[in-house]
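Student: Please take one part of this model and look at it closely. I would like the aromatic pairing, and then the strands around it.

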Amino acid sequence: AHVLLRKIIAKKEDNNPSRFDSYQYESYTKMEMDLNNIKDSFKNKKIMRQFQFVFDYIDTSVITGKPYLPVFITESLSDYHFQKKPRVEREIIKASQMSGINDNASLAQFTGQLHQNVNIYDNFIDLFNMGFVSPIADGGLRYYKYYLTDSAFREGSWCYHMSFKPKRKQEPTFVGDFWVADTTFAIQNMQMRIAKDVNLNWVKDLVSNNEFQKLNDSTWFLKKQNLFVDFMITEKDSTKQMGFFGRKSISYKNIKLNEPIKEEIIKLDNNVIVEET
């Protein structure tokens, strides 16, 4: 496992998606907020009397085992363009839709917190203003224990399966596993979950999944990213805390690397543009 990890670290610069001078892709983004630990007092509120039918849609999370009720969903289809020098960043939203409760200030606050940038190739991953040590950080051996658990032929590449867990308690680290491709030592898929004893403000749990696709013999790029956050709402004199599940998933397709961005896109006034439909 240590031999493999050192090879992954040696190839990080070659596999990091941020190494490209420019890239463009089409993305589909879905964000969902779910109310969990729903109390009887909430169900019986006067405002909810005519909406009792919604509680028929309560489901149970496979991640936490908690029951939850979806209250807000947003979807968007975008073209994204990025260039390092001079820096250009444009997102053109081609289609979008929202459903559920979308005018609640508290809900909007939690939804905004889902805009976390997770790049596993960075040594430190900033999540909710705390720097977590990446499982493939240059100094990962100082923070994690690694185990080689399997190997298999996956999507055209021979891959190794490794798991990892923190060496010590209460450090900003993860527990999880990943598949890494032989020869290129690029990560094919990584799932990581914050360690249970990490104190992260009002976040009770967080799971991140990053899946990569092979574009050619030596180039890998993001295919899908999923983020799950269990937000905790503290209530006084309550043994049962209500909260929100926040979910964000992004799928990437039609990827173009190191191709010049069209001049009409560079000249757009804003970084985010919503096309008229």
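Tutor: Tyr23 is buried, with a relative accessible area of 14%. Phe82 is buried too, at 8%. Buried here means under 20% relative accessible area, with exposed over 50% and partly exposed in between (1.4 Å probe, protein chains only). This is a predicted model, so local features need pLDDT of at least 70, side-chain atom pairs count only at pLDDT 80 or more, and totals for chains, interfaces and linings use all residues. Residues are numbered from 1 along each chain as its sequence is written, and side-chain values use heavy atoms, with hydrogens and water left out.

Now the pairing. The structure holds 18 aromatic pairs. Tyr23 and Phe82 form a stacked one, 5.0 Å centre to centre with 25 degrees between the planes. Tyr23 lies in strand S1 (residues 22-36) and Phe82 in strand S3 (residues 67-83), so the pair ties together parts that are 59 residues apart in sequence. Rings of Phe, Tyr and Trp (its six-membered ring) pair if their centres lie within 6.5 Å; planes under 30 degrees apart count as stacked, over 60 as edge-to-face and the rest as tilted. Strands (E, at least two residues) are DSSP runs, numbered from the N terminus.

Phe228 and Phe245 give a tilted pair: 5.1 Å centre to centre, 45 degrees between the planes. This pair links distant parts of the chain, with Phe228 in strand S12 (residues 220-232) and Phe245 in strand S13 (residues 243-257), 17 residues apart. Both Phe228 and Phe245 are buried.

Tyr23 and Phe82 also belong to one aromatic cluster, together with Phe20, Tyr25, Tyr80, Phe221 and Tyr252.

The largest nonpolar core has 56 residues. Such a core is a set of buried Ala, Val, Leu, Ile, Met, Phe, Trp, Tyr and Cys residues joined through side-chain atoms within 4.5 Å. Its largest share, 6 residues, comes from S12.

S12 runs antiparallel to S11, joined by 11 bridges. Two strands pair if DSSP finds at least two bridges between them. Leu206 has Val229 in S12 as its bridge partner. S11 and S12 form a hairpin with 5 residues between them. In strand S11 (residues 203-214), 9 of the 12 residues are buried, so S11 is largely enclosed by the rest of the structure. S11 also pairs with strand S10 (residues 187-194), antiparallel over 5 bridges. There, Asn189 stands opposite Glu211 in S11.

Definitions and conventions
Helix = DSSP H or I, 4+ residues; strand = E, 2+ residues; numbered from the N terminus.
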